[in-house]
Amino acid sequence: MSLCPYLQAGCGGCTLLDRPYGEQLRRKQAESVRLLGRFGTVEPILGAAQPLHYRNKAILSFAPAGRGRTACGFYAAGSHRIIEARDCLLQDERLNALLARAAAEAARGRLIPYDEDRGTGLLRHMVARRGVRTGELLLTVVTAAPVFPGSRAFVGALRSAFPELVTVVQQVNSRRTSAVLSGPEKTLFGGGFLTDELCGSRFRVPAGAFYQINHDQTERLYETALDFAGLTGGETVLDAYCGIGTITLAAAKRAKRVLGVEINAAAVRAAAANARLNGADNVSFLCGDAGAELEKAVRAGARFDAVFLDPTRDGASGQFLGSVVRAAPEKIVYISCFPATQARDLAFLTARGYAVRRLRPVDMFPQTDHVETVCLMSRVKGK
């Protein structure tokens, strides 16, 4: 019998759940070696101490189910068919409880679920986050229109049941899109963010911001990246794709100066606020494309001793990689959530004067096929 009642229904969220965790790690190690082994020795994977209930972010989706019923749960793999579910073995248990209560309050308030085919209805999704170190909860309600009938009663009921709920946000997504969070926001209660602690710094995490979903493994991932970089306190560092500044602030404790670059303006504002929150006066941020901004910096004579990059699954852009080669930092630390595109980018860099020195996978997403990898590259003298 499967550990999860939704696995056979086609949820697809945890494809390796029925495999022993040791076997999962061996499988991910082998896949990392297959994709990256041609560049050097792949060090042993860093497994998770808690391979269940590690997700600090959870999403619940809503749709009509016929005869006036509302289906709420998770999308089946590769579809928009909702598997009705009230629990998840990967999600933080407090998030499971919050979403279950929020769905019940939405039903009590008779919020009409959104019909994707017809473009009618109101309630589309709920997104819950939890600060692992602080315990704070954040809830985002995604609606198809700005109205939210009974919002005051909805918020009041949740605050009574969850004293650690620090903010409730409504986000309006009126487009026919698979993106969950992609519209304007209205704060219904609180400041629109939760606070958490990561790698010794405090972070304000806005409702729509990217924040790694496995807190404890993220700390191991970032510590691995920083150890690979070997910063001594005198370096000037670039953190490309910096988001809300998590790696930036971690590196700032070990470097002389850190510049973070991020294309999302809201994330840049959050990163600057997080720097002020932590009293980090040796960091600065630029809003723009990482490749274009690095190119400008190189033309202006800027020099970087080390470059950190943690791009999306698509990997780094060709413009950015070319700019890195022209900037010629001594070290590049590349964090990847998709080793296949990382392998492509490493091939580009190794053909242009860099050598891979260390490689290590980190199991950020137990029970799934995904793995993150950290790579240290250094410039080959004379090239």
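Colleague: What does Leu-231 touch, not counting residues up to four places away in sequence?

Modeller: Leu-231 touches Leu-226, Val-237, Ala-251, Arg-254, Ala-255, Ala-306 and Phe-308, where contact means heavy atoms within 4.5 Å. This is a predicted model, in which local features need pLDDT of at least 70 and side-chain atom pairs count only at pLDDT 80 or more, whereas totals for chains, interfaces and linings use all residues. Residues are numbered from 1 along each chain as its sequence is written, and side-chain values use heavy atoms, with hydrogens and water left out.

Colleague: What makes a set of residues a nonpolar core, and which members touch the most others in the largest one?

Modeller: The term denotes buried Ala, Val, Leu, Ile, Met, Phe, Trp, Tyr and Cys residues joined through side-chain atoms within 4.5 Å. The largest such core has 85 residues, of which Met-126, Leu-139, Phe-154, Leu-231 and Phe-308 touch the most other members. Another core, of 29 residues, lies apart from it and includes Leu-259 and Phe-320.

Colleague: Why is strand E5 described as largely enclosed?

Modeller: Seven of the seven residues of E5 (residues 137-143) are buried, so the strand is largely enclosed by the rest of the structure. Buried means under 20% relative accessible area, exposed over 50%, and partly exposed in between, with a 1.4 Å probe and protein chains only. Strands are DSSP runs of E with at least two residues, and helices are runs of H or I with at least four, numbered from the N terminus. Leu-137, Leu-139, Val-141 and Thr-143 point one way from E5, and Leu-138, Thr-140 and Val-142 the other way.

Colleague: How do you know that E5 pairs with E4 and what joins E5 to E6?

Modeller: Pairing requires that DSSP finds at least two bridges between the strands. E4 (residues 123-130) and E5 have seven, in the antiparallel sense, and therefore meet the criterion of at least two. Ala-128 stands opposite Leu-139 in E5. Seven bridges also join E5 to E6 (residues 165-172), and these two strands run parallel.

Colleague: Why is Glu-164 called partly exposed?

Modeller: Its relative accessible area is 22%, a value between the limits for buried and exposed, so the intermediate term applies. Glu-164 is placed in the loop between H3 and E6. Leaving aside its neighbours within four places in sequence, Glu-164 is in contact with Arg-94, Gly-135, Glu-136 and Leu-137.
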